[in-house]
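Here is a short briefing to read beside the model. Topics run from the overall chain down to single residues.

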2 protein chains.
Amino acid sequence: MLCVVYSPSDFPPFAVTVDLVVLTVRADALCALLVRRGEAPFRGRWALPGGFVQVTESVDAAAARELVEETGVSGLHLEQLGTYGEPRRDPRMRVVSVAYLALAPDLPVPVAGTDAAAASWVPVAEVSSLAFDHSVILGDGVERARAKLEYTSLGTEFCPAEFTVAELRRVYEVVWGVSLDARNFHRKVTGVEGLLEATGRSTSRDGGRPAALYRRGAASVLHPPLVRGVGA
Amino acid sequence: MLCVVYSPSDFPPFAVTVDLVVLTVRADALCALLVRRGEAPFRGRWALPGGFVQVTESVDAAAARELVEETGVSGLHLEQLGTYGEPRRDPRMRVVSVAYLALAPDLPVPVAGTDAAAASWVPVAEVSSLAFDHSVILGDGVERARAKLEYTSLGTEFCPAEFTVAELRRVYEVVWGVSLDARNFHRKVTGVEGLLEATGRSTSRDGGRPAALYRRGAASVLHPPLVRGVGA
DNA sequence: GGAATAGTGTCTTTAAGACAGTATTCC
DNA sequence: GGAATACTGTCTTAAAGACACTATTCC
């Protein structure tokens with residue numbers, strides 16, 4: 001029904017929060033940024049970072065603000081994941097949470113929040129029962145990331161500003177949990193127009209023959225996609 | 001920052017609404033269900049159907065309730081589209097709206113809401129400047145529908161319970177605004193495992209040789225996808 | 001030279017794009 | 001029979017999957 005008259009009973013007050021699923025690849029594992037709760041409810045449990053949306057800011061702006069506060073880095077990829085609005089998801093009051101997915105390269109170390117809660121990168125495979133419905137949100141975020149690697153250039157968001165093809169391949173292997181044929185992967189990603197931009201320089205940080213360094217290109221969509229199950 | 005203490009200033013009151021992008025294919029056009037507003041602001045302007053989320057129901061449940069109220073039909077495909085939370089999107093107060101995308105077959109006639117507002121199917125190509133930020137939401141919904149036709153079985157949600165391959169092809173052509181090669185399309189959709197389920201019956205409602213009637217199959221994902229640009 | 005990693009080339013297979021041709025209905 | 005639509009088959013081309021081979025570094 002279209003509500004055409006506003007009266008107090010029409011808009012019961014809700015609190016609106018943002019929750020962040022911040023993912024990175026470090027030590028050959030897909031990791032999420034988690035904070036340990038210092039207060040009830042769920043005191044001592046891991047939770048997604050997040051916070052209340054202020055009246056003067058947009059929901060998207062609140063997410064961007066929280067992301068900078070938590071990581072200490074700006075310019076990371078950030079996109080809306082979904083909104084979670086079960087009546088009893090917070091035991092104290094009615095809270096609707098807008099979840100966001102952010103991708104980060106291997107950052108030096110998590111920045112502690114302005115409050116005392118400790119933050120840490122936790123491999124998603126080792127995460128168990130987060131506070132509130134955050135396990136569901138994290139699962140949705142991981143699945144979104146896995147799916148978008150197929151048809152977008154999102155994988156490069158896990159890499160530093162300059163990276164090798166092998167580093168990008170490692171991202172795909174870790175996020176998807178598969179092993180890919182290095183040669184076919186190389187042909188594929190160097191063949192997609194606008195995905196990688198050669199820097200002209202190279203690095204031998206991986207031991208063998210020096211690998212060419214690339215930057216993210218302008219392309220954001222992969223046509224055709226890089227389907228899960230490429231190579232071995 | 002992780003808010004560990006709740007105080008009144010932490011959760012300024014928001015109103016939470018759901019808005020519905022309900023799409024259908026009728027008369028060879030992609031149409032959206034719109035309502036005409038009977039009250040200020042935007043009085044007389046077209047808007048998306050929607051309403052307030054009640055304290056006792058989940059956000060998803062509110063969307064499902066509104067969808068049944070507006071269409072008179074249950075069981076339609078419904079998925080979250082995104083959340084729109086600019087501070088001034090509603091001129092009167094702070095409203096955060098969770099938008100949903102619903103797909104419907106060609107329904108007999110829109111059911112008028114419980115209030116006086118008139119509802120109507122409007123071709124999306126003819127929609128101009130809706131109330132609030134609803135034009136943006138509608139655009140996002142249409143784009144989501146177009147994208148998901150590629151890699152999911154969503155196209156069949158626009159069709160009645162039993163439909164022919166030509167009817168499904170017409171859905172793709174209208175939603176994408178392209179013309180597809182009937183023969184390649186037939187090969188593709190009948191070849192995808194689990195997409196279509198033969199009924200054994202046929203219909204000659206289209207003039208020529210009777211066409212086989214199919215039901216939606218169990219498959220929800222198209223592997224490999226049906227890429228935009230198939231055929232001519 | 002040997003180990004390790006980077007990068008190229010080639011063959012096979014899958015599936016899309018184009019389009020000829022046959023089948024079954026209504027008039 | 002003719003028009004219309006449904007369906008099948010064939011040829012060509014693009015791109016994935018598998019894998020041999022060469023290139024450049026460090027030890």
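In chain A of this predicted model, 68% of the contacts with a separation of 6 or more are between residues 24 or more positions apart. Chain A has 232 residues, and 37% of them are buried. Its C-alpha atoms fill a box of roughly 65 × 40 × 30 Å along the principal axes.

**Chain A: elements and confidence**

- Chain A holds nine strands and four helices.
- Along the sequence, the order of elements is β-β-β-β-α-β-β-β-α-α-α-β-β.
- The average pLDDT of chain A is 91, and 90% of the residues score at least 70.
- Residues 1–6 of chain A are an exception to note: their pLDDT is below 50. This stretch still has 24 contacts in the model beyond near neighbours in sequence.
- Low pLDDT means that predicted coordinates should not be read in detail.

**Helix packing in chain A**

- Helix α3 (residues 165–176) of chain A packs against helix α4 (residues 182–191) of chain A at an angle of about 105 degrees. Their axes are 10 Å apart.
- An angle from 65 to 115 degrees counts as roughly perpendicular, so α3(A) and α4(A) are roughly perpendicular to each other.
- From α3(A), the contact uses Val165(A), Leu168(A) and Arg169(A). From α4(A), Ala182(A), Phe185(A), His186(A), Val189(A) and Thr190(A) meet them.
- By class, the contact of α3(A) with α4(A) has five nonpolar, two polar and one charged residues.

**Helix packing in chain B**

- How do α2 and α3 of chain B cross? The axes of α2(B) (residues 134–151) and α3(B) (residues 165–176) come within 10 Å and cross at roughly 140 degrees.
- That angle makes α2(B) oblique to α3(B). The crossing is left-handed.
- Ala145(B), Arg146(B) and Leu149(B) of α2(B) make this contact with Tyr172(B), Val175(B) and Trp176(B) of α3(B).
- Five nonpolar residues and one charged residue take part in the contact of α2(B) with α3(B), with no polar ones.
- The axes of α3(B) and α4(B) (residues 182–191) also come within 10 Å, crossing at roughly 105 degrees. These two helices are therefore roughly perpendicular to each other.
- On the α3(B) side, the contact residues are Val165(B), Leu168(B) and Arg169(B). On the α4(B) side, they are Ala182(B), Phe185(B), His186(B), Val189(B) and Thr190(B).
- The contact of α3(B) with α4(B) divides into five nonpolar, two polar and one charged residues.

**Val59 of chain B**

- Val59(B) is found in helix α1 (residues 59–71) of chain B.
- Is Val59(B) buried or exposed? Val59(B) counts as buried because 22 C-beta neighbours lie inside 10 Å, and the cut-off for buried is 20 or more.
- Ala102(B) is 43 residues away from Val59(B) along the chain, and their C-alpha atoms are separated by 15 Å.

**Backbone points to check in chain A**

- Most peptide bonds are trans, and most residues other than glycine have a negative phi.
- Ala40(A) and Pro41(A) are joined by a cis peptide bond, with omega about -5 degrees. Pro41(A) sits in the loop between β2 (29–36) and β3 (46–47) of chain A.
- A cis peptide bond also joins His223(A) and Pro224(A), with omega about 0 degrees. Pro224(A) lies in the segment after β9 (211–216) of chain A.
- Ala27(A) has a positive phi, near 55 degrees. Ala27(A) is in the loop between β1 (15–26) and β2 of chain A. Ala27(A) counts as exposed, with 9 C-beta neighbours inside 10 Å.
- Phe132(A) has a positive phi too, near 50 degrees. Phe132(A) is in the loop between β7 (119–123) and α2 (134–151) of chain A. Phe132(A) is buried, with 23 other C-beta atoms within 10 Å.

Key
Residues are numbered from 1 along each chain as its sequence is written. Chains are lettered from A and ligands numbered from 1 in the order in which they are written. This is a predicted model: local features need pLDDT of at least 70, side-chain atom pairs count only at pLDDT 80 or more; totals for chains, interfaces and linings use all residues. Axes are lines fitted to C-alpha atoms, for helices over the stretch in contact, and angles run from 0 to 180 degrees between N-to-C directions. Angles under 35 degrees count as roughly parallel, over 145 as roughly antiparallel, 65 to 115 as roughly perpendicular and the rest as oblique. A crossing is left-handed if the near helix is turned anticlockwise from the far one by less than a right angle, and right-handed if clockwise. Two residues are in contact if their C-beta atoms, placed from the backbone, lie within 7 Å. Ala, Val, Leu, Ile, Met, Phe, Trp, Tyr, Cys and Pro count as nonpolar, Asp, Glu, Lys and Arg as charged, and the others, Gly among them, as polar. A residue is buried if 20 or more other C-beta atoms lie within 10 Å of its own, exposed if 12 or fewer, and partly exposed in between; C-beta atoms are placed from the backbone. pLDDT is the predictor's confidence in each residue, from 0 to 100.
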